[in-house]
Structures are given as C-alpha cells and as structure tokens.
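Keep the viewer open as you read.

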Amino acid sequence: MLSGAQPSRPVRSPRQDVSIAQAGRDGGLQKIPLVTAKVMKRTQQQTRSILSPALGLLLLAINLPASATDWIYTVRPGDNIWNLTEEYLTHIGYWRRLQQLNNVQHPKRIPPGTKLRMPVAWLKVQPAPVAVLEVQGEAFSLGEGDVQPRPLSVGMELQAGSRVTTGSEGTVILRFGDGSKIQLKAESRLELDRVSAYGKTGMVDSRMRLQHGRMEMDANTRKGPATRYEITTPSAVSAVRGTRFRVSAEAKDAVSRTEVLQGGVAVSGAGVSRRVPENYGTVVRGGSPPIPPRKLLPPPDLQPLTEVFDRVPVGLQWTALKGAQAYRVQISADPGFETPLFDRTTPRHHIQGPDLDDGDYHVRVRAIDDLGLEGRDAEKRILVDARPEPPVLVEPEIGSTVRDQVPTFHWSRPEDAASFHLQVAMDSSFTPILLDQPAIDGSRFTPQQLQPGSYYWRLATRNRSGELGPYSDPQVFTLRPTPESPEMEQSEIAADDLIFRWRKGLPGQSYVFQFADDADFADILVSQAVAEPTVSVARPQAGTYYLRIATVDVDGFQGPFGTPQRLDVPLEDYVTPILVTILLALIVIL
C-alpha cells in the first residue's frame, strides 16, 4: 500500500533543521532532536516491509466519518499535503499525521474535490479583529491601553478587550471574521472578550459581554465544529451557531431577554440551560434560571399604514394586536435596517415619526408582550413626497368668518418658493374648484368677487426648478359681508310715545336701536336690541334728538351703526284743551 511509502521530503524550514515536531491527535507536539529523528527514520525503513500491510489496515481503520471536532476541507487544484499543513495547521510537523488520518496515498497529487479532515485542535488560532461596518450617531470605543474613548468610524478594527458604547441616538454594526454581524442599538455597551479565528477556515470563536442595552445578531449560517458565539449579560449566557436573534440587558434590574428569529439559541442562567427555538424567547432575571421559552407575538397588521406621505413629520398607525403591551417602531432607508433613522417604543398603536427627506423608506413594527419580549417584525415600504413643502396658511384663519365683500388670502413664503398655486372650493374634496390660480408670485391674493358662503382654500409651492409640491391641508372659512345699516322708513310722534320703523334685513337678522340727545351719542337715552324692524320709546320733552340703528347678523356679529338721524320733538299743545274746557263750563253756567 502506497500510504506507508516515504514521500519526497519538502524543503525544510530553519525550524525543521533543528528538530522535527511529532503531532498527536489531541494537538500536542513533541520536538525530537535531529539525530534521534534520523535513527527513528532508519528503524522505520527497516521495519517498513514488515509493517506495511498492517499499517495499511490501520489507516483504513481510522478513516472513519469526521468527528464533531473535525473541520472538513475540500481539495482544490494545486493542493498538496505540505502546503495545506503549512497554511492551516499550527506546525508543519502535522503533515504526516494529516496524511495518515485521511489515507492520502499520493501526498503530492491529491485529487481535487477530495474531502480532508483536519482536527480542530491542530488548526491555527489567530486574532480576528472586528470591523466597524456602519456608524450612526454617537458611538465610541475604548481599547486596551486607551486613555480616552475614541469615536467610531467606518473601517476601524476592534481587537479583543475593546469596549463599544453607543449614545442615545447611536447605532453601530460590527462584522466578525466569518461575516456575521451584530447591530448594537442605542444606549448600549458591548465588551469584546475574545475575537479569534481558526486560520483561513472561516471558523471563529467570539465571546462578548453585553453589559446593558440591546443588540441584534445575524450569525453566519456556514457551520464549522469550532465556530462559536457566546454573549454574556449580567444575568445569562447565550451560545449560538448560525442563527438570527436579539439580546437585551438591563443592568439595573439584572434582567436579560433573548428572542430567536431563526435557528436556536442555548440560554443559561443560575446553572440551568434552556434551548430556545425559532420564534420563541426567554427571560432571565439575576440569580434565576431562564423561564420556559415563550412564543413571540406575531407581526402586527400594517394595513392601516399609509404608503405615500405628502406631509412631514410622518404619522404611522397600525392595527392593535392582542397581547401587546407596547410596540417598537423603526424607520430605515435600507431594507436591512442597518442604519435606522428612527427607533422608538409606544404603548399605542400609532406614533408620530420624524421629519424625513423625500424618498423611499422602510417601516418595521413589532409588538412587545408583558414580559418585555419583542415579537416578529412586520415591514412595509413607504414613500415620502412632501417637497417642496406647502406654505403656512395665515388668513383667512381656519373656521373664521370674513366680514368683507371678498377675502384676502395671505400665506408664508418658503425659502425655495418661486410661485404658488391657490385653489378655492366649497367642499374639502375640491370638486368642483371655484377659484384656481396656478402661478401667484407673491404671498397675498384678493379675488375680484366671491359670493357669500363657506369655502375651503389650499396652496401648493412651486420651487425654482419648476417642481410643484403637495397641497397644504385645506382650511375652511365663511365669507359673510358686514351687514348694512337699515334705512329708516318713517317715524311717528304720538302724544305719549315715538314710533320708529325701518327696512327689514335678511332672515335671522336683528337690530340695535339707540336714541340720544347729542349727535356724538355721548348721552344715550335709549339702547335697545329688537328682533323686528320697529321700536317704540316714551315721548321725551320737546327738543332735538338723534337716533341710529345697527344690524346684528345671525352669528351675533353686529355691523356698524348707520348715519345718525336728527329728530325734532315739538312742544305739546296745552292751550287748546284748556280753552275748550273753559268754554264748556260757561255754557253750562249760562
């Protein structure tokens, strides 16, 4: 059997010239002096003819299926046993054991596609810096030997021992050696205890501590026997391989939560370990074991959420979900939510979002149960098209009554405004449009005529590029001209009173009548509100008097008084009645 033949020797490194390392399966190496090695070589050559058949049987016997601690490598063109040993294993002396373990008959010419087993204990282990992939808001790193925290920036590499902190609006995405990603949320602190890789195998060993805050991990699904991620919080340890999950830690109350979105996570606390499957979560409180996994709440229904927004800030709403105590709402410009622009919780099923720029966005909403476990995500794409922004409508004010023949419209002027488009209608749907002015340069406009009634008005801004933005929210107003003063028709001076009448106004209108003895109405003798166009007052002494009338509209608005009118009250005729009485008395006497 060729597996027992002595292969051609590779070019020795300086280390091989001093000693030869003999490898064991457990990864231990024993350096053998060169002279001793030569003696062993002669002894092996003398006994090779005897042991060849037995050795072949032995190599066949150990060529068993790969164990859980073996890494499997697929041979590529140009590979041989020595360059593979040098590239992946801790010492060149492992080449013979690698040949024997895999029953390689031609170490110089290994057929491409051959699967080689490499025990994890033989693999090289080296530091694997963590790359900063995205940074938003305030985020800092304090590494070993650093005196002051350093602001994080994209492209930085973090070594073991680094501490990463985020501010109230900070978010950081870290990428590990195997491509796995961690998104550290706002107000969090993560300490990297160990970040190493097994040579070029793609397997990593990463251990970290989430002291407080929240993080979400998307672990690489490529599995290897040595790949390991371990996240420790003040109250629990989560160990994962190839999964998506979220972890949060509350340092004050020593509470941690784990929510598994894909795969499975082993969560340990107080000496008890529980496997949390996909779509389940668990809670660990300090000094207690993890609670039995609880199913996560399903995604909320986002059907009520508007898809196109022409107003900012955006208002978001969704259908209330049974069992939800609160909701987490996130907005991002990228579908992976790697750099969220908005991340808030609310106890209600609606929230006011931020003032977003025009463009496409993604909204994510998840429900939170009574244990604080966050459920599955619901996502929806929205479009913000709110620029150029409409002006602020100044007057007529909403719900006001304009007391004039025609209104004057007045509005603010945004910085980029070139002109404005004004529309007036009698209903909020603007069908039909009664007044349409598409190109008003200024910020005021008075129409030539408009009949009394209730109206809605709105405006849109056209910028210097010619783009017309969305219309403002319509405002309603009522046009009701100032009621005119009524015209006096006739006056009657009787013996005991004065009676005045004037022309009747519009239905529902009433009147205010004033009577004074001076033209300035400084000394008003009578001021009376009446519903009908007539009034009666006691006849005053003879003299000159003045009267005036104002109309009161149906909404209580009093118009101006008309021009005061003069009235002369003559002396009463007392002589004639006395003479008549005396004459009658004489007739009786005679």
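F500, W502, Y511, F513, F515 and Y545 form one aromatic cluster. Rings of Phe, Tyr and Trp (its six-membered ring) pair here if their centres lie within 6.5 Å; planes under 30 degrees apart count as stacked, over 60 as edge-to-face and the rest as tilted. By this rule there are 16 aromatic pairs. Take W502 and Y511: their ring centres are 5.7 Å apart and the planes meet at 75 degrees, so this pair is edge-to-face. Both partners are buried, W502 with a relative accessible area of 2% and Y511 with 1%. Buried means under 20% relative accessible area, exposed over 50%, and partly exposed in between (1.4 Å probe, protein chains only).

Some ground rules before going on. This is a predicted model, where local features need pLDDT of at least 70, side-chain atom pairs count only at pLDDT 80 or more, and totals for chains, interfaces and linings use all residues. Residues are numbered from 1 along each chain as its sequence is written, and side-chain values use heavy atoms, with hydrogens and water left out.

Now zoom out. The protein has 590 residues, of which 43% count as buried. Its secondary structure comes to 5 helices and 44 strands; these are DSSP runs numbered from the N terminus, with helices being H or I of at least four residues and strands E of at least two. Among contacts with a separation of 6 or more, 59% join residues 24 or more positions apart, where contact means heavy atoms within 4.5 Å.

What sits in the middle of all those strands? In soluble globular proteins, nonpolar side chains tend to be buried together. A nonpolar core here is a set of buried Ala, Val, Leu, Ile, Met, Phe, Trp, Tyr and Cys residues joined through side-chain atoms within 4.5 Å. The largest such core has 35 residues, and F176, L190 and M215 have the most contacts inside it. Strands that each supply at least two of its residues include β6 (130-136), β13 (189-197) and β19 (264-269), while β14 gives the largest share, 5 residues. Leaving aside neighbours within four places in sequence, L190 is in contact with residues including V164, L174, I182, L210 and M215. Apart from this core lies another, of 23 residues, among them A324, L356, V363 and A386.

The Q183 side chain reaches the backbone oxygen of E338 at 3.0 Å. Beyond four places in sequence, the contacts of Q183 include M215 and F337.

Next, the helices. The buried residues of α3 (residues 81-88) are I81, W82, L84, T85 and Y88. They cover an arc of only 165 degrees around the axis, which puts them on the same side of α3; the arc is that of the directions from the helix axis to the C-beta atoms. An α-helix has 3.6 residues a turn, so residues three or four places apart point the same way. What covers the buried residues of α3 includes β3 (70-74), α4 (95-102) and β4 (115-119). In α4, the buried residues are W95, L98, Q99, L101 and N102. They too cover an arc of only 165 degrees, which puts them on the same side of α4. After α4 comes N103, with a positive phi near 55 degrees.

Most residues other than glycine have a negative phi, and most peptide bonds are trans. F430, in the loop between β33 and β34, has a positive phi of about 60 degrees although it is not a glycine. F430 is buried at 3% relative accessibility, and the charged end of R458 sits over its ring, 3.9 Å from the centre. For that label, NZ of Lys or CZ of Arg must be within 6 Å of the ring centre and within 35 degrees of the ring normal.

F521 lies in the loop between β40 (510-516) and β41 (524-530). Its phi is positive, near 55 degrees, F521 is buried with a relative accessible area of 6%, and the charged end of R548 sits over the F521 ring, 4.0 Å from its centre.

Key. Polar contact = N/O pair within 3.5 Å; in protein donor to acceptor, adjacent residues only side chain to side chain.
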